[in-house]
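Please look first at the sequence and the structure shown below.

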Amino acid sequence: MDWIQFVLAPQIVNGLAIGVAVVLMALGLTIIFGLLDVINMAHGEFYAIGAYVAVALLGAGLTFWWALALTPLLMALIGYVTERSLIQRVFHSKDRHTLTLLLTFGIGIVLEDILKLVFGANPLRVEAPISGATEMLGLFFPNYRLFVMGLGALIIIAVWVLVFRTSLGAMVRAAAFDRQMTASLGVPVNRVYAATFAFGVALAGVSGVLLAPIYSVFPTMGRDFVLIAFSVVIIGGMGSIKGAVIAGLLLTQIQSISSLFISPVWGDPLLFGIMVLVLMWRPQGLFGRLGHA
Amino acid sequence: MKLKAITTTPPINVKRLGIATALASAALGLPVCAMAQDASVIRIGVVTPLSGTYAGIGQQVKWGLDLAAAQLNASGGILGRKLELIYEDEEANPAVAVQKAEKLFQVSKVDFLTGTVNSGSTLAVGQVAERNARLIATTVSFADSITGDKCSPNVFRVNARAGMQSAALADWMASTRPNANVFYLGPDYEMGRSTVAAFKSAAEGKGAKTAGEVFAPLDNKDYSPFFGQIRAARPTVIYTSVAGNDTVRLFNQMSEFGVSNNIQIVGASGTVTSQNLPAIGKAANGFVTGVGYSPLLDSPENKKFIADFQAAAKTQPDLYGADSYGVLFFYKAAVEKAKSTDTDKVREAMRGLQWATPQGMKTMRAGDHQAMQEMYAVKVNNTQFEIVGKVAAANAIGPDTCTKF
Amino acid sequence: MHEVTSRSLGHPARALHWLAGLFFGLALVFAIVAWTVGDVFFFRLGTEALIFAGLALSVDLLLGRTGLLPLGQALFFGMGAYVSALVLKNWSSSFWIAIAVALVFSAITGLIGGLIAIRSKGVYFALISFGLAQVVSKIIFNTRELGASDGMIGVPVAQIAPGLESGQPAGFFLVVLSILFILYAGLAYLMETPFGRQLGAVRTNEQRLSFLGVDPWRTKLAAFVGAACIAGVSGALYPMLRGFVSPELMFFQVSGNAVINVIVGGTGTLIGPLYGSALLTVLRSVVGSYTAHHQIVIGILFILVVIVLPRGLIGLAAPALQERLGRREGAVRTPILHADHPQ
């Protein structure tokens, strides 16, 4: 049982750490789709911007914890402005899906190049605020990763509570389910939309900050997670929070454990293959949509 | 709804015609301009990545070339003619590089071209050079094939190739850690695999043993899935051919997990460079690799070069800047020997040519157009590349495998 | 209000034909002028623009006419290029054989890809298309026999006819222009046939189509295979022009650029993508010479078009031109109808 303790178990724990990161990314994406019906192709770039905002704040002398606290607020602002000024303009079109996809695709291109312009193409360093490692299962596990797992889990729970247990969340879900009815009940639907987009973007930004010490910061970092985040969202069900969490954890485990048996290069194609199969047999994903789940 | 009665013949869409004419004239105006250029200037085309992931390398290339051109022009130019550098951004994409190279050859009528960074671009641009009867030199690409099985009579390389870098590193490893147990970790693509394979054969030839081998996907985010394997193999040395951002992640994560404790990390020359060293930080300390240049080279030429470079670019040169600086002196020596910029004469002059660089004298091997130079093993220590080993040029160069000329 | 893909049954065909004629006419004028000054570079740049215009045409067939957004069409383009390069290097330097093999290969891979992708719509289709391109380009990137990450150089020029080969700048430009013309004319004609109407019906309301006894799945598959063939043939021309292929031809950048070219030019118009490709190729080259951050410029232009001008340049110009040309097709004004909105 040496193999289980020294090879399999650490692999599972590693997979969990990566999984939490992926879930945070997928959450923002699925919320934005679930409510706004917007496929945010720029999600990766917002993740990158979150990391760069943290870099800038750290450069200005703030500690990591301040950066972690302030970045989501700044990202929410950026998201709100983006939604009000750009996305809402194509919102009322019949081809909304295609147009918002294309629009966010264009936004992503511009944002990535702006990052290169402002910060340069070379990678940057963010020092982890917690150093040292704990011995677990024969492997030394970095304390910072444990912290990310823990904080990530808390954030996920907080999001779930916010969406399903608060009146704010109820407004959001109502607006997703039936926009007109909700509007006629006096809910400022446009602002709710913008706020939701801002929230999704803030989640992406928080992931950026949290993961920066582990994965380093460079202008194309958004592409790291895009394919896997979209796969998770599709497999879990567009708009389903439960789906994003379960699919995110499950898929990263599959990737992590399968890398023991097949060459790791096939990790992403494997995920893609699963996504295609799910789309062929259960296109709504495992758990359906926000308004309905 | 409006009804419009048309009683006259439809007007020509003037606006559209105007735009089309403007575009056409803009497109055609350029060759007319090019023809009216100063014939007493030697034009050097530079196709280098100024945007994208390799922009950092492209920047060093630019600094090196600009400095050399300024110095050469200040001392009278080449054969009495001034040098002019014309830059184009290749975005590290061979398709773009080819387009820009052709523009430089055809429209700007450059006499010589340099600056390509990745080997795909160098090979493709080399073909364009053949079609245009011009010569190019690369100062960065280290794939062996460029002066090996894919060599071209119009392509020269002034920097060290991968085989030479491996030789320097293998030599150092054999003398400091004889019979080392080496674990290989590389990015899973052709360059990553062949670099690992080249070093492995050089190392095994000197008595090293292989503890294991794993290839991670290119742009891999998380290397922790491989650490269990590495630990189990108990290596004394880890060799890696990752580069750029992948190195930052690998080294930081290895340090996070304590995988690199008491293990010597070595790697390819592109693994730790001035572009990613700041992001790797302390985790890079102790890393050893084989290169053709270090800013710490103790020679008066190098010291002067560094001082000049620092003054002009406000930063230290790295091996890309140094080799790019040297290439214009190579060209100058060849043109002066040939007493002309004619392609065939210059090519003839370049074969076997020796010229002075910040790294000492280099010799251009005639058989494959590969520059020979002394090679160094360098160790990273607090952002400096300390020299810990040397291999003579003849021992490092390796066999001539070019059969095309 | 803003429609990208809706097109009424009476779209301004006459204006589009006029604009198409203008495009090819201008190309010929360009060719004559460039030939008289003995130019090489601009001919080759123009040929390259036309080759990528072919890719844009294939994207428009899917996006503008069938309502499917492909984010990985560079897959077929790149594969066509590799097949053509392999044929020219190893089998025969005949232009016709290379094109024929590329065409057959594209049809087969298009069929396979279509079977995987066609069941999905909208964003799902886009992501599958994207994912397929990623996976295959990664495989090619790693395959040593195909040159791996360096690609393959040394592709010989293709022999088209006695005295005409692909290394000749002017000659090859005209050959590629002719091919593009055939592709465009063929597609434009196809759109007027019942099959073309089926495609339009798929785009506006797929469910109703099956009530009419037509299988939308087969229609979409046929369009997908057709688009793959167009992209593949365009790709096959690339190594004939440049003498090499590299995996970058399959990367997302190429697919993304094609989509941008189509949107800016005018989705669904078929001639719009050609204009868009030509315009943006020139723009990218010119802006790229001034700044390394040309992506910002292109990106902003693209965003503006999506928000303000979703029908693209030709989509805007064509109805206006149609009115000026005098004669109208059917209705007094060319209304842009939603087929499933009550009128």
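How many residues of chain B are in contact with chain A? In this predicted model, where local features need pLDDT of at least 70, side-chain atom pairs count only at pLDDT 80 or more, and totals for chains, interfaces and linings use all residues, 25 residues of chain B are in contact with 26 residues of chain A. Residues are numbered from 1 along each chain as its sequence is written, while chains are lettered from A and ligands numbered from 1 in the order in which they are written. Two residues are in contact if their C-beta atoms, placed from the backbone, lie within 7 Å.

On the side of chain B that touches chain A, at least two residues each are supplied by α2 (55–74), β7 (209–216), α7 (224–233), α8 (244–257) and α9 (277–280) of chain B. Helices (H or I, at least four residues) and strands (E, at least two) are DSSP runs, numbered from the N terminus. With 6 residues, α8(B) gives the most to this side. By class, the side has 9 nonpolar, 11 polar and 5 charged residues; Ala, Val, Leu, Ile, Met, Phe, Trp, Tyr, Cys and Pro count as nonpolar, Asp, Glu, Lys and Arg as charged, and the others, Gly among them, as polar.

Chain B also meets chain C: 38 residues of chain B are in contact with 38 residues of chain C. Here α1 (14–35), β2 (83–89), α3 (94–106), α4 (119–131) and α6 (190–205) of chain B each supply at least two residues of the side that touches chain C. The largest share, 7 residues, comes from α3(B). This side of chain B comprises 22 nonpolar, 8 polar and 8 charged residues.

The next topic is the packing of helices. Two packed helices are described by the angle between their axes and the distance between the axes. Axes are lines fitted to C-alpha atoms, for helices over the stretch in contact, and angles run from 0 to 180 degrees between N-to-C directions.

In chain A, helix α9 (residues 222–236) and helix α11 (residues 267–281) pack at an angle of about 30°, with their axes 10 Å apart. That makes α9(A) roughly parallel to α11(A), since angles under 35 degrees count as roughly parallel, over 145 as roughly antiparallel, 65 to 115 as roughly perpendicular and the rest as oblique. α9(A) passes α11(A) in a left-handed crossing; a crossing is left-handed if the near helix is turned anticlockwise from the far one by less than a right angle, and right-handed if clockwise. The residues of this contact divide into 10 nonpolar, 1 polar and 1 charged.

In chain C, the axes of α11(C) and helix α12 (residues 294–308) come within 8 Å and cross at roughly 140°. The two helices are therefore oblique to each other, and α11(C) passes α12(C) in a right-handed crossing. The contact is made by R284(C), V287(C) and G288(C) of α11(C) and H294(C), V297(C) and I298(C) of α12(C).

R284(C) lies in helix α11 (residues 271–290) of chain C. Is R284(C) buried or partly exposed? With 19 C-beta neighbours inside 10 Å, R284(C) counts as partly exposed: a residue is buried if 20 or more other C-beta atoms lie within 10 Å of its own, exposed if 12 or fewer, and partly exposed in between, with C-beta atoms placed from the backbone.

Finally, helix α2 (residues 43–59) of chain A is mostly covered, as 13 of its 17 residues are buried. Just after α2(A), G61(A) takes a positive phi of about 105°.
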